[in-house]
Amino acid sequence: MKLNLKKVSILFISLFVICSSAIPARIHNVDNDEHLHLRAYTNEIQKRHEPFKIIQTDYFKPFVHLPFTNKPVTRYYQLTLKKVKLSPDGFERTVWSVNGQYPAPIIRANKGDRMIINVENKFGDPAAVHWHGVFQHGTNWYDGVPGQTQCPIPNDVSFIYNFTTGDQHGTFWYHSHFMAQYADGLRGALIVHDPDDPYLKEYDYEYVITLSDWHHRTTGEILPNFISPTYTGKRPVPDSPLLSGRGRYNFYNVKKNKKYRFRIINSAADAFFIFSIDEHKLKLIESEGIYIKPTIIEKLPINVGQRYSVIVNADQPIGKYWIRATIDKRCVLINNATINFNSSIDWNGLGILKYEGSKNDKPKSKEFPENFKICRDPDPKHLKTLQPVTKYDGNVSDFFNITVKFQREGDGIVKAVMNNSSFIPQFNDPTINKIIRHIPPDELPKEQNSLIFDNKNGIVEIALWNNNTDEHPFHMHGHVFGVMFVGEKNEYPDEKKYDKKNPVIRDNVTVPGFGYLVIRFIADNPGIWAFHCHIEWHVELGMVLQLVELPSILMNETIPNDASSLCFKNDYQKKRNPTTPFHNRERMFNPVIINEIRRDINKIR
Ligand SMILES: [Cu+2]
């Protein structure tokens, strides 16, 4: 393994200076040191003294956009991660909460604003927060993916994410990207308002609805059963569907003749939802931060990780109407060996659209008929961008062909493999650190599933063949992409059929069972970006690729000290982390790196 001493110095010398009095005595037990990192970090944070705002938000209160400012502003938010007892569907369990609430609070900003978010980890487990859909231009190390862009935030440590929303606007969310932790609670909405929103005059208020599948058991209990050589079941069956963290009889109050922008976020671990409001059509205006031509639909299929905005006109007779968030069980395979196969789940999640002045009775509203292909994204003709985007129509500079399937590996466990390789992160040595140490990208371990490309502003094309029955919602970090082609079984990609002139643009797309997906994006964001199925159980089985984008630029960047110093404390190895099945822990740890750190600190001295 090649090491560039200069880069290593940049990485570690400041930490070394900060802790220089401690290093000589501790150099031989860096990996056991509980306090080294904490001390370095405390020095950093004490310089700041910022007024971080502790937020708690009510998803059932309508809101209007934040006051727009002449210039972008910086917004400081405090997110304290702590375990609390909550009963989202009536059953009390431990929830990995943010500021004590589930779903996590709605974080809001305006286009161009900077977000400085202090994540204080009091979980007792390691954690990290990913800002789903945010490009993180120039701040790859704040993308929040342990093993790729950072080491996990150890317990009892605070870490500040600091990024700008740039030109982005729309509906995003944030969630843990450490193990299956987001399914235990760490998931919430992230909204970026746009002063130039072309639809701004078309709605009076906004609501956010997060959809989630809820389990009564923690993922720390589920995963060891799921990832085991003896497991022959399918994906774990949830116990409830939740709308904004609640079961039935959650009210969304509206006033007659007012218009509401509903931002719908599928934050589930697994569930494909169908969203609708009885007797109220939905005017679709946004998919994943991209304005789309207004199109009227009745039911909205929404897969995991996806987001849409719809405008709802409260123009029906005063009354109550069911809001339906149904888990489409036609997209769910269950057999008798499946975890929680005898769940008493009612797949029909319900909320109520309640007009001001309506009576206190049950809604008697009628459900719209179904008019879409099951377990698929909405028809592309409903998702056309407001302005056609033509930048993907050109010569492809980098092309990748990927096959996704499941296969039983040497350890007896059925894994998800992408080109015959199942992803295993190295939590204590994220890929970004490796690149900045000048490890050549083609020397990254095979199980890191790297797609390497280095042509600046080139068009990258990924053709993915899904060689199994499940459909998968593939999400890309750091980018949106143009959807060139989605093919059903035996419908092969053919460049003549690609939607190059006016493609659907998004960051999270469904590839059909035994089907094909072809996407294109522009190589304009140096970094390590995950590209993965957003079904969390499939992530845990390794259905993850990482883009190693423009490494020749990335390798010359400098990771902020507070980010690199997270790697000095590796309690994610220890058994106090209940979400990591024991047999996985060893492989997720790069034993070489601690020795390298020791050696290089010695050389620097
Ligand atoms: Cu999947």
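Which spacing do the donors of the copper ion follow along the chain? In this predicted model, the spacing is H-x60-C-x4-H. The protein donors concerned are His-472, through ND1, Cys-533, through SG, and His-538, through ND1. These donor atoms lie 2.0 to 2.1 Å from the copper ion. His-472 belongs to strand E25, which covers residues 472–476, while Cys-533 belongs to strand E30, covering residues 527–533; the pair therefore ties together parts of the chain that are 61 residues apart in sequence. With a relative accessibility of 0%, His-472 falls under the 20% limit and so counts as buried. Cys-533 is likewise buried, its relative accessible area being 0%.

The count of disulfides comes to 2. A disulfide is a covalent bond between the sulfur atoms of two cysteines. When bonded cysteines are counted along the chain, the disulfides of the protein follow the pattern 1-4, 2-3.

Another disulfide joins Cys-331 to Cys-375, with the sulfur atoms 2.2 Å apart. Here the torsion about the S-S bond is about -100°, so the disulfide of Cys-331 and Cys-375 is left-handed. Cys-331 is placed in the loop between strand E19 (320–327) and strand E20 (348–355), and Cys-375 in the loop between E20 and strand E21 (396–408); the pair thus ties together parts that are 44 residues apart in sequence. Cys-331 counts as buried because its relative accessibility is 8%, and Cys-375 is buried with a relative accessible area of 4%.

A further site examined was Ser-97, a residue of strand E3 (residues 93–98). Ser-97 has a relative accessibility of 0% and therefore counts as buried. The side chain of Ser-97 reaches the backbone nitrogen of Gly-100 at 3.2 Å. When neighbours within four places in sequence are left aside, Ser-97 is in contact with Thr-80, Leu-81, Lys-82, Val-84 and Phe-123.

Technical notes:
Residues are numbered from 1 along each chain as its sequence is written. This is a predicted model: local features need pLDDT of at least 70, side-chain atom pairs count only at pLDDT 80 or more; totals for chains, interfaces and linings use all residues. Side-chain values use heavy atoms; hydrogens and water are left out. Helices (H or I, at least four residues) and strands (E, at least two) are DSSP runs, numbered from the N terminus. Buried means under 20% relative accessible area, exposed over 50%, partly exposed in between (1.4 Å probe, protein chains only). A polar contact is a pair of N or O atoms within 3.5 Å; within protein, one must be able to donate a hydrogen and the other to accept it, and residues adjacent in sequence count only if both atoms are side-chain atoms. Contact means heavy atoms within 4.5 Å. Donors are N, O and S atoms within 2.8 Å of the metal (3.2 Å for Na, K and Ca); water is not among the atoms, so sites may look incomplete. A disulfide is a pair of cysteine sulfur atoms within 2.5 Å.
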